[in-house]
Amino acid sequence: AKALGRGRYHIFDSTMHVAAINILELETELHRAIKQEELVVYYQPIVVLNTGKIVGFEALVRWQHPTRGLISPQSFIPIAEEIGLIIPLGNWVLSQSCHQLRKWQRENRVDDSFFISVNLSTRQLTQLDLVKYVDKILDETEISPQCLKLEITESALMENPPVAIEILQSLRRRGIQLGIDDFGTGYSSLSYLHYFPLDTLKIDQSFVKQIDERSTDLGLVPVIINIAEILKMSVIAEGIETVTQFKQLVALNCQFGQGYLFSPPLAGEEAIKLMLSNEYQ
Ligand code: C2E
Ligand code: CA
Ligand code: CA
Ligand code: CA
């Protein structure tokens, strides 16, 4: 369905009609989900590629729907973004992840070098209130800002660069780490990139998928790693699924990685247990 704005959809034919109704249904249900705590945060390990050590987790939200089961963020984040629900949803993920990290710190299961990386949406990056909310959560949890990392997609940065730069600078001043997500999939001009205060660059999984057994062509991955080096950013490759991809990335000096080869996103307790049983710790 083609969205026209809040709650209004073009209905072209009978199949579209069904799609429109489902989206409206999903909207209503999403409001309920946030109120009734049907959302849950999963954690995917981020590892140092040449040692295998788990240094942090990326927080990825899921919707534990009472009848439809576990729903992927890909099917509700875009809707939440469109209807403005992404602000409370995003705030909830941030709060949940920081409280979880604090709990693990108190239990002495992680030290101060371990970080949680939380995704920010385009809309969150257009409101200065974001910084106030981050302050509130840091205050509440007393986690050190260095333990929090925020991931911003290339397209979110380019939506309104001056505002994004202002928000990122405020976050950076607090010591929060900032990363660009899905790098290479948006339309940012390379000459613009150095205006954003960013610490890490995440290579989108579509580029990692280009590395395969059957060919020696590494696609754009070496180029992207070079760009990160020139901009003095550390690099994380996401979506690593094969040993070939892993080995090639190590050979290219890519420091960090994430993917099913190491672990899928896991529920909190499972994730921390995996982290603690990791033989490379
Ligand atoms: P993303 O930020 O690019 O997250 C990476 C996605 O790749 C995750 O999908 C993760 O489960 C998946 N992934 C990790 N390793 C592999 C792999 O080896 N192979 C493959 N094929 N996939 C892998 P997920 O959890 O379904 O999330 C999808 C997207 O939804 C995220 O993409 C992000 O854009 C968005 N999202 C998830 N949680 C949040 C959130 O709390 N806030 C916001 N704003 N967006 C979120
Ligand atoms: Ca991400
Ligand atoms: Ca990504
Ligand atoms: Ca992505």
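Q: Where does aspartate 182 lie?
A: Strands are DSSP runs of E, at least two residues long, and helices are runs of H or I, at least four long, both numbered from the N terminus. Here aspartate 182 sits in strand β8, which covers residues 177–183. Bear in mind that this is a predicted model: local features need pLDDT of at least 70, side-chain atom pairs count only at pLDDT 80 or more, and totals for chains, interfaces and linings use all residues. Residues are numbered from 1 along each chain as its sequence is written, chains are lettered from A and ligands numbered from 1 in the order in which they are written, and side-chain values use heavy atoms, with hydrogens and water left out.

Q: What are the protein donors of the calcium ion (ligand 3)?
A: A donor is an N, O or S atom within 2.8 Å of the metal, or 3.2 Å for Na, K and Ca; water isn't among the atoms, so sites may look incomplete. For the calcium ion (ligand 3), the list runs Asp181 (OD), Asp182 (OD), Glu238 (OE) and Glu238 (OE), at 2.2 to 2.5 Å. Along the sequence, the donor residues follow the spacing D-D-x55-E. Distant parts of the chain are linked here: aspartate 182 comes from strand β8, while glutamate 238 comes from the loop between β10 (234–237) and α10 (243–251), 56 residues apart.

Q: Which residues do neighbouring ions share?
A: Look for a residue named at two sites. Aspartate 182 coordinates both the calcium ion (ligand 4) and the calcium ion (ligand 3), which are 3.5 Å apart. Aspartate 181 coordinates both the calcium ion (ligand 3) and the calcium ion (ligand 2), and those two are 3.9 Å apart.

Q: Is glutamate 238 buried or exposed?
A: Check the relative accessible area: under 20% is buried, over 50% is exposed, and in between is partly exposed (1.4 Å probe, protein chains only). Glutamate 238 counts as buried because its relative accessibility is 9%. Aspartate 182 comes out at 24%, so it counts as partly exposed.

Q: How many residues does the largest nonpolar core have?
A: In soluble globular proteins, nonpolar side chains tend to be buried together. A nonpolar core is a set of buried Ala, Val, Leu, Ile, Met, Phe, Trp, Tyr and Cys residues joined through side-chain atoms within 4.5 Å. The largest one here has 80 residues, and Phe57, Leu125, Leu171, Ile203 and Leu249 have the most contacts inside it. Helix α3 (residues 86–106) gives the largest share of this core, 7 residues. There's also a second, separate core of 5 residues, with Ile46, Val48, Val55 and Phe115 among them.

Q: What does leucine 249 touch?
A: Contact means heavy atoms within 4.5 Å. Leaving out residues up to four places away in sequence, leucine 249 touches Leu49, Val208, Ile211, Val221, Ile225, Ala237, Ile240 and Cys254.

Q: And a loop residue: where does serine 263 lie, and what does it touch?
A: Serine 263 is in the loop between β11 (256–257) and β12 (266–267). With a relative accessible area of 3%, serine 263 is buried. Serine 263 touches Gln44, Pro45 and Leu274, again not counting residues up to four places away in sequence.
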